Amino acid sequence: MIQETHIQNRKKLEEEWKELEEKNKQTNLSLPIAGFGYFTNLPDPHSPIPKLFSFTQKEITKIKQDSLSLKESPNQNQLTNDNLSLPDTESPYRLIHSIQTKRNLIHGAVKKRFIRRFLIDPVLIYESSFLQLNGPEFQLSESEIKIWKNHLSRLVQDLRSCLISIECNDWEEMTLLMRILYMEKSITAKTVVFPKKNLNGFRYLPVFELPDSVMNTKQKEYEQLFKLQKKTFISDYGPIQFFNWESFLVRYQSFLESGVAEEGIEFNWVGYNPYQENLENLEFSDKEETKNKQKNLENYTEGIQNLYSYHLTYQNCTTELFRYMNEMFPNGRIGNETFWEPLSSNVVSFNFIPSVAAWKLESNAGTIQNKIFLSYRNLKRKQIEGFAEKHFKERFVPSSKIYKSNPIDHPFLFFTEETVWNRPVLGLANAIYGVGYTGMGMFTAPFDKGYRFSKGTETVFYSLPELMFFNIRKGHFPFISAEEIPKEYYIKESL
């Protein structure tokens, strides 16, 4: 939670600084805001919203008054106060506060004002920002439509409560409104409709086009998952049900569009204020203020980088595990029970090497039972009876039937994880192959933008540890189907 708060705080500082930079370049104060991309600026006389809410004249008057108050609210939040205290970045355990920037306060007020205007004077929905799933597997039955209508009614009541109490955050109100809109659209279309999200999440692996056969298989798997998720969604009404439902649908969108979905409930399709209101309160022309915001961002970023930095020997995934365990459970005890003998995170202990740490944990006094989970490839190899095929053909990439070359992996010749004694020899062959591939990439760089050169250097990098009897290359298997996942990987829950 602390790390996530740091990440969100940094994002707020970055967005505020970028917006200030943009404001200093132009006089037009209208800027795109997350959430407004689902709406147009055209009136919608046939919107179902007025009928759903059925506001009385007294309620309409109250909503309009609240809307006017929200227009002035940013000025009442001491926006001229630049004494922003950055959260502490010295300890990964210390609870930190969430930063509230000028930008957050202003955008929050603008969103809440928009919602109140939309409920009284709705605009047309931007249809391209919604994804309608067509096909028999996505159709809603009459009983499901009845449940959808019940969910819709309760969502309307929840949003009405927000309008009355004025205690909900802007993202809470926007989330409720978006859920009302896509539930109503689903009921009308008798199929699943949901808002798209900007797919700008963190990408660890490269995006590549799936073969048609794999694409068809994955599509069928999503259809099965869809049935399970829909069954869970209609089982009850609550924020968890909605969060899981929306998370699954966005993952399906990312599958269709080859993007990466961010976690979270915010509907983040970016657009301009449908009611074309300029942000009068966001007149940033002071260059000194912009510099201060940039400095805050740089200082905070540096603090987070130092706090969560990585080093191969003294701050990697293994050393951090032991450091956290030792600090959270001194002497390896929980109460009066000793559950392990603490392992040092110092470099001289060699516990930064995963295989060394695993070996020490096997003989640790707190270790009661060991269970080894083989890699996918080794599980498949274990099922092969022929000696030559098992120990020779499957180790050589061109002759392997289990492993298939794919865009995620770099090119190499031999797997070296089976045995240790000949690992340097096979690693040398991999390294030489990588050097040759890199050399070829130097000539093809003008045509493939350095792709072969980059892949060749990866081959050399992953081969160097093999020369020292270490193996870090296991291979990726992005094309396997759910049916091919070994049963050993499924955890059986004990009753």
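Does Ser54 count as buried, partly exposed or exposed, and what is its relative accessibility? At 48% relative accessibility, Ser54 counts as partly exposed. Here buried means under 20% relative accessible area, exposed means over 50%, and partly exposed lies in between (1.4 Å probe, protein chains only). Ser54 sits in the loop between α2 (49-53) and α3. Its phi is positive, about 45 degrees, although Ser54 is not a glycine.

The model is predicted: local features need pLDDT of at least 70, side-chain atom pairs count only at pLDDT 80 or more, and totals for chains, interfaces and linings use all residues. Residues are numbered from 1 along each chain as its sequence is written, and side-chain values use heavy atoms, with hydrogens and water left out.

The protein has 15 helices and eight strands. These elements are DSSP runs numbered from the N terminus, with helices (H or I) of at least four residues and strands (E) of at least two. The C-alpha atoms fill a box of roughly 85 × 65 × 55 Å, taken along the principal axes. Of the 495 residues, 42% count as buried. Among contacts with a separation of 6 or more, 75% come from residues 24 or more positions apart. A contact means heavy atoms within 4.5 Å.

Two packed helices are described by the angle between their axes and the distance between the axes. The axes of α3 (residues 57-72) and α4 (residues 102-120) come within 9 Å and cross at roughly 155 degrees. Axes are lines fitted to C-alpha atoms, for helices over the stretch in contact, and angles run from 0 to 180 degrees between N-to-C directions. Helices α3 and α4 are therefore roughly antiparallel to each other. Angles over 145 degrees count as roughly antiparallel, under 35 as roughly parallel, 65 to 115 as roughly perpendicular and the rest as oblique. In α3, the contact residues include Ile60, Ile63, Lys64 and Asp66. Their partners in α4 include Ala109, Lys112, Arg113 and Arg117. The residues of this contact divide into six nonpolar, one polar and seven charged. In this scheme Ala, Val, Leu, Ile, Met, Phe, Trp, Tyr, Cys and Pro are nonpolar, Asp, Glu, Lys and Arg are charged, and the others, Gly among them, are polar. Arg117 lies in α4 and is partly exposed, at 30% relative accessibility.

Helix α8 (residues 239-257) has 19 residues. At 1.5 Å a residue α8 should span 27 Å, and its end C-alpha atoms are 26 Å apart, which agrees. The expected span is 1.5 Å times one less than the number of residues. Buried residues of α8 include Phe242, Trp245, Phe248 and Tyr252. What covers the buried residues includes α5 (142-165), α6 (170-189), β5 (193-195) and α7 (212-233). Just after α8, Ser258 takes a positive phi of about 55 degrees. Lys190, in the loop between α6 and β5, has a positive phi of about 60 degrees although it is not a glycine. Lys190 is partly exposed, at 43% relative accessibility.

Asn296 lies in α9 (residues 287-307). Asn296 is buried, with a relative accessible area of 18%. Asn296 touches Leu13, Leu84 and Leu86, not counting residues up to four places away in sequence. Ile7 lies in α1 (residues 2-25) and is partly exposed at 45% relative accessibility. The C-alpha atoms of Ile7 and Thr301, 294 residues apart along the chain, are separated by 9.2 Å.
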